[in-house]
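Here's a quick briefing to read with the model open next to you.

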Amino acid sequence: MKKTYGIEVDCAACAQKMEDAANKVNGVAQATVSFMTQKIKVEFAEGADPAAVMPDVVKACKRVESDCEIVLE
Amino acid sequence: MNKKQQKNLIRILLATAMTVALILIGHFLPVPKMVMNFLFLAPYFIVGFDVLKKAAIGIVHGQIFDENFLMTVATVGAIILGENAESVAVMLFYQVGELFQSVAVGKSRKNIAALMDIRPDTATVEKDGALETVDPDEVPVGSIIVVKPGEKIPLDGVIVEGNASLNTAALTGESMPREVSAGDDVISGCVNITGMLRIRTTKEFEESTVSKILELVENSSMKKARTEQFITRFARYYTPIVCLCALALAVVPPIILAILGHDPMIKAWVIRALTFLVISCPCALVISIPLSFFGGIGGAGSKGILIKGSTYLEVLAKAGTMVFDKTGTLTRGVFEVTEEAPAPGFGSGELLYYAAHAEQYSNHPISRSIREAYGKEPARENVSDVEEVGGHGVRAVVDGKAVLVGNRKLMAEDGIDCIAPEAPGTEIHVAVDHVYAGYLLVADRVKEEAKDAILRLRAQGVARTVILTGDNAKTAEVAAKETGVDEVKSNLLPEDKVREVERLLDEKPANTSLAFVGDGVNDAPVLSRADIGIAMGALGSDAAIEVADIVLMDDDPRKIALAMKIARKTLAIAKENIVFALGVKILFLALGALGLIGMWWAIFADVGVMILAVLNAMRTVFASPSDSGS
């Protein structure tokens, strides 16, 4: 299952950091951040519930880049 | 500017005003330096508090060694040394640079995104005679939608009523409008220029062309080129290394000087180290490289060339072997009458007249091509006793004469001898009242642009061009000759094509890539086997969009050379930016380490390089003039 969310982030390096952080979250099979389109595409692991995983992704991203935003719906 | 940027601008202006005021006060009034330094802390915190905060959070979360950290160490270091005015200035310039970067990048992003702005916002649905405006997502298949002049067609469908010119430029880059009328299929994303259309939808929004293209474009920046990956990885190692160098610069020389019995000049070396840190910010690189690739992909998109990721730009740029499918790629994929050869005693035009009348009820592509060549609607009343002879042709009575139209076997049945044509194509022989009347040749025409397309590819450095086709040898060789393609392999089954491509892959020179160009029909295995798969004429063909790496939205093969040009230019600009940004950085790092430049210069160098690199990156969008060819 794949989902794409809008993000707000200021610099390409920060986007890369978010990508690395999101990829370490449990339930995320693969996450890709596009700085240019300001989007994060998350492929969830088998059986993972996006609604449960995404708050962790947001938290992980905020840890590495304090003023980033992920728009969940 | 968004809210955040406006807030930052206000902070910068406020801090600048305070700093100028303080410098003037310090100049004209005898205020002690200690007091001045204390006062300078006010603008410092106004302009820099978020940097300090981010650096602190970063350290807490184990994310040291980023830009914020560099700036914090440099400015706090300057304050400890009592250089508060310098510290404020550095922070100010840094923030001006950040603001510029954020505004410029945001703007470029929007500009590029606007090139691909094909998303329809609403759909007008006809329900029980009343019109209702809804989200395109909510329109079920089979609904009747109304599209007024000036509106985008929101969903794929069939026209049930109305005529219009459609602007397909956003999808194909083609500026010539397309005329459509009732019964025609239309694709979402086109703009209706002239008339009102009523359309019965055939796909949901999710499945419509516009959604597929948007998804492709949005995902394109996720398949990152190696150059792009290199930069993000580079930044990860670069910052810690620079920090260690700065530390060494602050500690090692004074120790050596002290050992040698000289004055260690600790303060001077620490200032040099801090200057070094300021110069070292990698933002110019980190921002401009992805922007270059994004610009290249966006620019190509506006020309009807969809590239699925920046990595394909790199592969395409070094294409040395180009393999083509024939039908629909180099030829039009539409049958046409190419020759009319009447036998003695029959006039030109007579053959077409008889053939078109005899074949008027047939729906076979060849029959249609004959009727098209005839140009008029065949009269029904003149024709009777039409009998289709399965797979061979038609018998009919036209104007009271017994007419035979079909292949040689049909003629042989009636004992009629035929002339064998020399040119390639499908032969349609005609006999009138048991007398041989001549033949028509029906063939697929080579696209007018095909020859030019091959020439342009050569100019772009494609050394070897090959046609692989399932067609017969004669037809294939004529197509190769007309287009100027070097080699041709005919009578191939789909699995033979894969084998041929594998052989060509083995033979290609090192450091070049092999591209396969097909029309997306039956080409899937070859498209994926080649280094890069290019699908042509993809408007409306889902299969092609899914399997290829590069999708040409219209049928023009010249776009391949244009795509290569854009790819080359994008890579060149990305490399320019890497060399330029790193070169200037290294020069200034050296000057800074030697103490030849101060912090002011350092910050100018940093912001200036970044601005130039961003401007340079934006050139990728305008990689070529607006016409599809040159």
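**A strand covered on both faces**

Let's start with E21(B), which is covered on both faces: Ile532(B) and Ile534(B) on one side, and Gly533(B) and Ala535(B) on the other, are all buried. Buried here means 20 or more other C-beta atoms within 10 Å of a residue's own, exposed means 12 or fewer, and partly exposed is anything in between, with C-beta atoms placed from the backbone. Bear in mind that this is a predicted model, in which local features need pLDDT of at least 70 and side-chain atom pairs count only at pLDDT 80 or more, while totals for chains, interfaces and linings use all residues. Residues are numbered from 1 along each chain as its sequence is written, and chains are lettered from A and ligands numbered from 1 in the order in which they are written. Helices (H or I, at least four residues) and strands (E, at least two) are DSSP runs, numbered from the N terminus.

- Strands count as paired if DSSP finds at least two bridges between them.
- E20(B) (residues 513-518) has 5 of its 6 residues buried, so the rest of the structure largely encloses it.
- E20(B) pairs in the parallel sense with strand E11 (residues 319-325) of chain B over 5 bridges, and Met322(B) sits opposite Ala515(B) there.
- E20(B) is also joined to E21(B) (residues 532-535) by 4 bridges, again parallel, with Val517(B) opposite Ile534(B).
- E21(B) in turn pairs with strand E22 (residues 550-552) of chain B, parallel, over 2 bridges; Ala535(B) has Val551(B) as its bridge partner.

**The sheet in chain A**

- Chain A has an open sheet of 4 strands in the order E2-E3-E1-E4, with antiparallel pairing.
- Strands E2 (28-34) and E4 (69-71) of chain A are at the edges with a single partner strand each, so one side of each has no neighbour in the sheet.
- On average, neighbouring strands of this sheet are turned by 30 degrees against each other, direction ignored. The axes behind that value are lines fitted to C-alpha atoms (for helices, over the stretch in contact), and angles run from 0 to 180 degrees between N-to-C directions.
- E1 (residues 2-8) and E3 (residues 39-44) of chain A run antiparallel and share 5 bridges; Lys3(A) has Val42(A) as its bridge partner in E3(A).

**Nonpolar cores**

- A nonpolar core is a set of buried Ala, Val, Leu, Ile, Met, Phe, Trp, Tyr and Cys residues joined through C-beta atoms within 7 Å.
- The largest one has 164 residues, and Ala22(A), Leu316(B), Ile534(B) and Ile550(B) have the most contacts inside it.
- H19(B) gives the most to this core, with 15 residues.
- Two residues are in contact if their C-beta atoms, placed from the backbone, lie within 7 Å. Leaving aside neighbours within four places in sequence, Leu316(B) is in contact with Ala515(B), Ile532(B), Ile550(B), Ala563(B), Met564(B) and Ala567(B).
- A second, separate core has 28 residues, including Ile370(B), Val394(B), Val430(B) and Val432(B).

- The expected span of a helix is 1.5 Å times one less than its number of residues.
- Helix H19 (residues 558-593) of chain B, with 36 residues, reaches 52 Å from its first C-alpha to its last, close to the 52 Å expected. Gly595(B) follows with a positive phi, near 80 degrees.
- Gly48(B) is buried, and other buried residues of H2(B) include Phe40(B), Tyr44(B) and Val51(B).
- Just after H2(B), Gly62(B) has a positive phi of about 75 degrees.

- Glu215(B) lies in helix H6 (residues 209-220) of chain B and counts as partly exposed, with 13 C-beta neighbours inside 10 Å.
- Ser348(B) is in the loop between strand E12 (331-342) and helix H11 (350-358) of chain B; with 10 other C-beta atoms within 10 Å, Ser348(B) is exposed.
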